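Hi there,

Here is the structure I promised to send over. Have a look at it first, and then read on for what turned up.

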Amino acid sequence: MTQPILLNEQLCFAIYRAQKQYNHFYAKALAPYHLTYPQYISLLDLWEKGSLTVKELGNDLHLDSGTLTPLLKRLEKEGWVNRRRAKEDERRVYISLTAKGKRMKPEVYAHVGDCMTHIGFSQEEYDHLRGEVNEVTTHLADIPDGELV
């Protein structure tokens, strides 16, 4: 029988605890803008790419439309984005930034970036850790579902 790994020695628990701390961090960092973390990453994607369909945004963020639709409605209500249906296919909804959404980009970037300095990592350490976490994600995604049964 394999010896169980103790709780505080589990990589999954370390990632879980870090994720909870990141949630707390972003809740405080984004509070002045009345944004949630999923709204923030939606804006990040739009700031990088411009107009996207809900499907494209969902694929980029790994979120389904059931999660994205209410999130985008709130962003629209707060004046960050516009949603419009495609004329050629009304099932396709395009998301684009409003003037406010574009105008607030530098301020939000600066504020969250300033907050990130509290973590205390050099750029090299930050990039290395992000790479390691991405590698864990890739390895987990490559495990066939049948092997976990």
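Which residues does Leu72 touch, not counting residues up to four places away in sequence? This is a predicted model, and in it Leu72 touches Val54, Leu57, Val81, Arg83 and Ile95.

Leu68, Leu71, Leu72 and Leu75 are its buried residues. Seen down the helix axis, the buried residues of H4 fall within an arc of 100°, so they line one face of the helix. They pack against helices H2 (37-49) and H3 (54-61), and also against strands S2 (81-85) and S3 (93-97). On the other side of H4, you will find Gly66 and Lys77 exposed.

The surroundings of the helix ends are worth a look too. Asp64 caps the N-terminal end of H4, with a side-chain oxygen 3.0 Å from the backbone nitrogen of Gly66. Just after H4, Gly79 takes a positive phi of about 85°.

Now for the wider picture. The largest nonpolar core has 30 residues, and those that touch the most other members are Tyr40, Leu43, Leu72, Leu75, Trp80, Val81 and Val108. At least two residues of this core come from each of H1 (11-30), H2, H3, H4, S3 and H6 (105-116). H2 supplies the largest share, six residues.

How values were computed:
Residues are numbered from 1 along each chain as its sequence is written. This is a predicted model: local features need pLDDT of at least 70, side-chain atom pairs count only at pLDDT 80 or more; totals for chains, interfaces and linings use all residues. Side-chain values use heavy atoms; hydrogens and water are left out. Buried means under 20% relative accessible area, exposed over 50%, partly exposed in between (1.4 Å probe, protein chains only). Helices (H or I, at least four residues) and strands (E, at least two) are DSSP runs, numbered from the N terminus. The arc is that of the directions from the helix axis to the C-beta atoms. Contact means heavy atoms within 4.5 Å. A polar contact is a pair of N or O atoms within 3.5 Å; within protein, one must be able to donate a hydrogen and the other to accept it, and residues adjacent in sequence count only if both atoms are side-chain atoms. A nonpolar core is a set of buried Ala, Val, Leu, Ile, Met, Phe, Trp, Tyr and Cys residues joined through side-chain atoms within 4.5 Å.
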